[in-house]
Amino acid sequence: MPVWYMNHRISILLFQSVVGVLPFGSFLGKRKNYALRFILGTCLGIVLIEMLLGFGILNLEQLRSGITRVAASLLVFFLTIIVCFLAYEENFYTALFVASSGYIAQDIAGTFKTVLKLIPGIGEISTTLNGVLILDFLVYGSIYLVLFVMFRPFTRKRESIFHNKEKAIFSAVALVFCIGMARLSQDNYDRNSLAVGAEAVYQILCDFFILLLQFGVMERVELRNGVDTMKELMHQQYDQMKRSKESIELVNEKYHDLKGFLDGYDIELPKDQLRALKKKIEKYEEFVSTGNHILDVVIAEKKEVCSKENIELTTLVNGAELSFMDDVDVYSLFGNAFNNAIHATKKLPEDERFITLTVSSGGGTTTIHIENSFDGKVIMENGMPKSQRDPRYHGFGMRSMERIVKKYDGTIAVKTEDKVFNLDIIML
């Protein structure tokens with residue numbers, strides 16, 4: 001290895017680690033003058049390392065010792081965290097996580113270069129300064145590009161996975177393992193090429209699986225966040241169901257009282273005034289009695305919305321067939337289905353708006369069919385339409401419906417045909 005490269009390999013290691021952060025930090029929030037901060041932070045880290053070398057605090061000769069190599073590597077990692085914190089508009093734990101990923105990426109690329117150098121021709125090229133720099137550019141660039149493509153589906157989900165202490169702590173432990181075990185095992189310089197190659201392959205596999213575990217933690221945190229959001233929605237729906245039920249019961253009670261009052265004054269009031277008063281409250285007689293009081297509440301709510309949006313709502317429902325379902329499940333299932341249908345239908349001209357609900361039973365199964373007009377534009381994901389309304393609860397409406405249907409050993413399916421959206425649910 002060229003003398004200049006050997007004398008500055010700790011600074012080079014910092015540069016490689018900082019660049020290794022880029023495949024994982026591309027979707028993070030960036031501070032103002034991000035590129036300038038990134039470059040200046042890296043340069044200041046390199047200056048600090050060179051000063052430590054110049055004052056003899058870091059001794060190149062002592063770097064042959066495993067413990068000294070571990071200390072130098074941890075210094076590089078610490079400086080990488082600082083660069084991340086300066087460049088990205090994120091908290092310390094996110095900077096720790098991303099810096100760990102960057103360092104592990106550097107270790108994978110560096111170890112892969114070690115394997116390549118065992119090949120005679122490439123080993124000879126790496127003895128010159130230009131040769132080793134070109135080799136670094138090709139190896140590190142290729143590895144970083146592969147990691148960027150491989151982990152992009154995970155890193156782009158920054159809203160739900162890049163702010164958690166669990167990931168940061170796991171990353172730090174993984175890094176200590178990566179640095180400590182690998183560096184301490186390299187004190188024996190009498191190993192043959194086969195041993196060096198075998199250790200390098202083992203180290204690459206360990207690094208790669210550590211990255212997979214890191215992002216596996218991210219997936220678990222995302223799932224936990226999704227469960228928390230689902231619980232919040234269920235709680236909101238439960239409160240809404242109670243309020244709606246109480247409101248409907250109060251309206252019905254007042255309606256009957258008012259109707260009885262008007263009937264009692266049939267003779268004393270002019271016929272035309274009486275008819276006008278009755279017409280204003282006659283819509284309350286249209287509330288459907290399905291045989292399931294919770295479904296009655298849902299239909300009453302949505303019938304009012306449909307009336308305001310000039311949507312023709314038709315229901316043919318035997319609500320008694322839903323007696324096996326919990327009240328909250330009935331409210332959530334039909335409420336989400338109606339919300340989706342109303343949202344899609346109201347985009348159309350008024351004369352094309354309609355929603356139809358059918359609930360029937362037969363052969364030991366309960367069938368729910370909802371169809372509505374829509375503009376023909378829908379994005380499907382895993383066989384279900386993808387919600388694009390509220391970014392806080394992205395897709396939770398359909399996921400809630402799927403959860404409820406599965407709870408009752410049912411199946412849910414959607415079909416679109418001639419600008420008509422069909423939702424079919426079958427439950428045992």
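Ala320 is partly exposed, with a relative accessibility of 41%. That value comes from a predicted model, as does everything else I will say today. Ala320 sits in the loop between β1 and α13, and α13 covers residues 327-345. Which residues does Ala320 touch, once its neighbours within four places in sequence are set aside? They are Thr290 and Gly291. There is also a distance to note: Ala320 and Ser360 are 40 residues apart in sequence, and their C-alpha atoms are 9.6 Å apart in space.

Now the chain as a whole. The protein chain has 14 helices and 7 strands. It has 428 residues, and 42% of them count as buried. The chain exposes about 23200 Å², and carbon and sulfur atoms supply 61% of that area. If you take the contacts between residues at least 6 apart in sequence, 75% of them join residues at least 24 apart.

Next, the sheet. In what order do the strands of the open sheet run? The order is β1-β2-β3-β7-β6, which is 5 strands with mixed pairing. The edge strands are β1 and β6, and each of these pairs on one side only. From one strand to the next, the twist averages 10 degrees. Helix α12 packs on this sheet and touches β1 and β2, the latter being residues 354-362. The direction of α12 makes about 165 degrees with that of β1.

Look at one end of the sheet, at β6 and β7. These two strands run antiparallel and are joined by 7 bridges, with β7 covering residues 420-427. Ala413 has Asp424 in β7 as its bridge partner. Glu417 stands opposite Val420, which is also in β7. The hairpin of β6 and β7 has 2 residues between the strands, and in this hairpin Asp418 takes a positive phi near 50 degrees.

That brings me to backbone angles. Most residues other than glycine have a negative phi. Asn310 is in the loop between α12, residues 293-308, and β1, residues 312-317. With a relative accessibility of 40%, Asn310 is partly exposed. Another case is Asp409, whose phi is positive and near 55 degrees. Asp409 is in the loop between α14, residues 396-407, and β6, residues 411-417. Is Asp409 buried or exposed? Asp409 counts as exposed, because its relative accessibility is 58% and the cut-off for exposed is over 50%.

Now the salt bridges. Side chains of opposite charge can pair when their charged atoms come close. How many salt bridges does the structure hold? It holds 3.

Asp136 and Lys113 form one of them, with the closest N and O atoms 2.8 Å apart. Asp136 is in helix α7, residues 129-155, and Lys113 is in helix α5, residues 92-117. The two residues are 23 apart, and the pair links distant parts of the chain. Both Asp136 and Lys113 are buried.

Another salt bridge joins the side chains of Asp326 and Lys407, at 3.1 Å from N to O. Asp326 lies in the loop between β1 and α13, while Lys407 lies in helix α14, so this pair ties together parts 81 residues apart in sequence. Lys407 also meets Asp329 in a salt bridge, at 2.8 Å from N to O. Asp329 is in helix α13 and Lys407 in helix α14, so here the parts tied together are 78 residues apart in sequence. Asp326, Asp329 and Lys407 are therefore linked in a network of salt bridges.

Asp326 is partly exposed, with a relative accessible area of 42%. Lys407 is partly exposed too, at 44% relative accessibility. Asp329 has a relative accessibility of 3%, and under 20% means buried, so Asp329 counts as buried.

Last, a patch on the surface. Which residues form the nonpolar patch? They are Val47, Met51, Phe55 and Ile57, and together they have about 440 Å² of accessible area. Val47 lies in helix α3, which covers residues 34-54. Val47 is partly exposed, with a relative accessible area of 43%.

Key:
Residues numbered from 1 in each chain as written. Predicted model: local features only at pLDDT ≥ 70, side-chain atom pairs only at ≥ 80, totals over all residues. Heavy atoms only, no water. Patch = residues over 30% accessible without salt bridge, like charges linked within 9 Å, V, L, I, M, F, W, Y side chains within 5 Å. Areas by Shrake-Rupley, 256 points an atom, 1.4 Å probe, with all protein chains shown as cover. Salt bridge = Lys/Arg side-chain N within 4 Å of Asp/Glu carboxyl O. Helix = DSSP H or I, 4+ residues; strand = E, 2+ residues; numbered from the N terminus. Buried < 20%, exposed > 50% of the residue type's maximum accessible area, 1.4 Å probe, protein only. Pairing = 2+ DSSP bridges. Axes fitted to C-alpha atoms, helices over the stretch in contact; angles between N-to-C directions. Contact = heavy atoms within 4.5 Å.
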